[in-house]
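This report goes through one protein chain, from its overall layout to selected residues. The sequence and the structure come first.

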Amino acid sequence: MKSIALSAALALGVAGAAMAQPQANNGALTEAQVRTHLQEQGYTHIDDLKFKHGMWQAEARSGNGKHVDLRIDPDSGKAYADEQKVSRLSKDDVRASLASAGYTDVHDVEFEDGMWRAKAENSAGKDVKLQIDPDTGKVVGTDD
C-alpha cells in the first residue's frame with residue numbers, strides 16, 4: 001500500500017513539475033531550454049527571461065561581460081543582442097523576404113536593437129508586427 005502511495009506521489013510530482021515549465025506557443029522551447037541555449041551561446045547572468053511579443057526576451061551578460069538585452073527565437077533558441085549594429089540585409093531584402101513568405105502591405109520596416117521590425121498583413125488578412133532575423137530575413141517573432 002505504501003509503495004502505491006509513493007508511486008502516486010512521485011507521478012504527481014513529475015506531472016506538477018512538467019506543468020510548471022512555461023511553454024511558448026506551438027511546442028516552442030521551454031524556459032529551461034532557452035536558458036540552456038543562451039548558456040551554449042556564451043551568455044551568463046540571464047535575468048528577466050519571459051515570452052513576450054511572439055518571442056523570448058531576456059537580460060544577460062555577453063561573453064565580453066557587457067550587459068545586453070536579448071530577443072530569442074522561440075523555435076531555435078538563437079539570441080539576438082540589442083547591440084548588434086549591422087545587418088547583412090537591406091530594407092528591400094527584408095521586404096522581399098516577407099513578400100516571399102506570404103506577407104502583404106509590408107510597412108514601417110526598421111532595423112532596431114539588433115533586429116529588423118516591420119508591420120504587415122499575414123495570409124489570413126490580419127495586421128501583425130514582425131521581428132525578423134538580420135542575417136536571414138526569417139520571421140522569428142510575431143505580435144498580433
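## Model and overall layout

The model is predicted. Its protein chain contains 3 helices and 8 strands. Read from the N terminus, the order of elements is α-α-β-β-β-β-α-β-β-β-β.

The protein chain has 144 residues, of which 35% count as buried. Among the contacts in the chain with a separation of 6 or more, 35% are between residues 24 or more positions apart.

## The sheet of β1 to β4

An open sheet of 4 strands has the order β1-β2-β3-β4, with antiparallel pairing. The edges are taken by β1 (44-52) and β4; each has a single partner strand, so one side of each has no neighbour in the sheet. On average, neighbouring strands of this sheet are turned by 25° against each other, direction ignored. Helix α2 lies across β1, β2, β3 and β4 and runs at about 140° to β1.

The pairing can be followed strand by strand. β1 and β2 are paired in the antiparallel sense over 5 bridges, and lysine 50 stands opposite glutamine 57 in β2. Strand β2 (residues 55-61) is joined to strand β3 (residues 67-72) by 6 bridges, again antiparallel. Here tryptophan 56 stands opposite isoleucine 72 in β3. Between β3 and strand β4 (residues 79-81) there are 3 bridges, and these strands also run antiparallel. Arginine 71 is placed opposite tyrosine 80 in β4.

## Glycines in the two hairpins

Which residue takes a positive phi in the hairpin of β2 and β3? It is glycine 65, with phi near 85°, in a hairpin that has 5 residues between the strands. In the hairpin of β3 and β4, there are 6 residues between the strands, and glycine 77 takes a positive phi near 85°.

Strand β7 (residues 127-132) pairs with β8 in the antiparallel sense over 4 bridges. In β8, glycine 141 has glutamine 131 standing opposite.

## The second largest pocket

The second largest pocket holds about 170 Å³ of space. It is lined by 13 residues, and the closest to its centre are Arg117, Lys129, Leu130, Gln131 and Asp143. Strands β6, β7 and β8 each supply at least two residues of this lining.

How many residues of each class are in the lining of the second largest pocket? By class there are 2 nonpolar, 5 polar and 6 charged residues.

## Arginine 71

Is arginine 71 buried or exposed? Its relative accessibility is 13%, so arginine 71 counts as buried, the cut-off being under 20%. Arginine 71 lies in strand β3.

Leaving out residues up to four places away in sequence, arginine 71 touches Met55, Trp56, Gln57, Lys78, Ala79, Tyr80, Asp82, Asp113, Met115, Arg117 and Gln131. Among these contacts of arginine 71 is Tyr80, the residue that stands opposite arginine 71 in β4. Arg117 and Gln131 are also touched by arginine 71, and both are among the residues closest to the centre of the second largest pocket.

## Leucine 29

Leucine 29 is in the loop between α1 (2-20) and α2 (31-40). With 11% relative accessibility, leucine 29 counts as buried. In sequence, leucine 29 and aspartate 73 are 44 residues apart. In space, the C-alpha atoms of leucine 29 and aspartate 73 are 8.9 Å apart.

Conventions. Residues are numbered from 1 along each chain as its sequence is written. This is a predicted model: local features need pLDDT of at least 70, side-chain atom pairs count only at pLDDT 80 or more; totals for chains, interfaces and linings use all residues. Side-chain values use heavy atoms; hydrogens and water are left out. Two strands pair if DSSP finds at least two bridges between them. On a 1 Å grid over the protein atoms alone, a cavity is a set of points where a 1.4 Å probe fits but cannot get out, and a pocket is an open set with protein on both sides within 12 Å along at least five of seven lines; lining residues have an atom within 4 Å of a point. Grid points are joined across faces, edges and corners, and a volume is the space filled by probe spheres set on the points. Ala, Val, Leu, Ile, Met, Phe, Trp, Tyr, Cys and Pro count as nonpolar, Asp, Glu, Lys and Arg as charged, and the others, Gly among them, as polar. Buried means under 20% relative accessible area, exposed over 50%, partly exposed in between (1.4 Å probe, protein chains only). Axes are lines fitted to C-alpha atoms, for helices over the stretch in contact, and angles run from 0 to 180 degrees between N-to-C directions. Contact means heavy atoms within 4.5 Å.
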